[in-house]
Structures are given as structure tokens and as C-alpha cells.
Amino acid sequence: MPKHKKLWKKPKVIIIDIGKCKYCKEDMTNQESFVAFYPKGKAHYKCMREDDRKNN
């Protein structure tokens, strides 16, 4: 049986700009932890958590 010479190549890391944070208005990328509020936008997880603490 012939040996295969195909090697698995690690996919390239693609960084995408996903828009501005709903709370702090800073640009976000898909590399950061964030939450999505459909259809009202996205926010950093830490910004959403801080806002929840202020309102409760």
C-alpha cells in the first residue's frame, strides 16, 4: 500500500473587526471575548458585566 505524502496544514488565523462596543464604543475584533445583542449590536463581555452590576 503506498504511503500518503499529504501533510495537514494549520489554518491561518483570521482576525476580523466586528464593530464598536455598545458600552465603551471601542473597536472590537473576533479575538476578544464579546456578547452579541441581536439585532442591537455587540459588546465586550467585561463592559456588559459592569453595566449589569451598576443596574442591579
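## Basis of the description

In this predicted model, local features need pLDDT of at least 70 and side-chain atom pairs count only at pLDDT 80 or more, while totals for chains, interfaces and linings use all residues. Residues are numbered from 1 along each chain as its sequence is written, and side-chain values use heavy atoms, with hydrogens and water left out.

Strands (E) are DSSP runs of at least two residues, numbered from the N terminus. E1 and E2 pair in the antiparallel sense over 3 bridges; two strands pair if DSSP finds at least two bridges between them. Gly19 stands opposite Met28 in E2. The two strands form a hairpin with 6 residues between them, and Lys25 in the turn has a positive phi of about 65 degrees.

## Rings and a charge

The whole structure holds 1 aromatic pair (rings of Phe, Tyr and Trp, the last by its six-membered ring, with centres within 6.5 Å; planes under 30 degrees apart are stacked, over 60 edge-to-face, the rest tilted). The ring centres of Tyr23 and Phe37 are 6.5 Å apart and their planes stand at 90 degrees, so the pair is edge-to-face. Tyr23 lies in the loop between E1 and strand E2 (27-29), and Phe37 in strand E3 (residues 34-37), 14 residues apart.

The charged end of Lys22 sits over the ring of Phe37, 4.5 Å from its centre (NZ of Lys or CZ of Arg within 6 Å of the ring centre and within 35 degrees of the ring normal).

## Exposure

Phe37 has a relative accessible area of 23% and is therefore partly exposed (buried is under 20%, exposed over 50%, partly exposed in between, with a 1.4 Å probe and protein chains only). Lys6, in the segment before strand E1 (17-20), is exposed at 78% relative accessibility.

Terms used. Helices (H or I, at least four residues) and strands (E, at least two) are DSSP runs, numbered from the N terminus.
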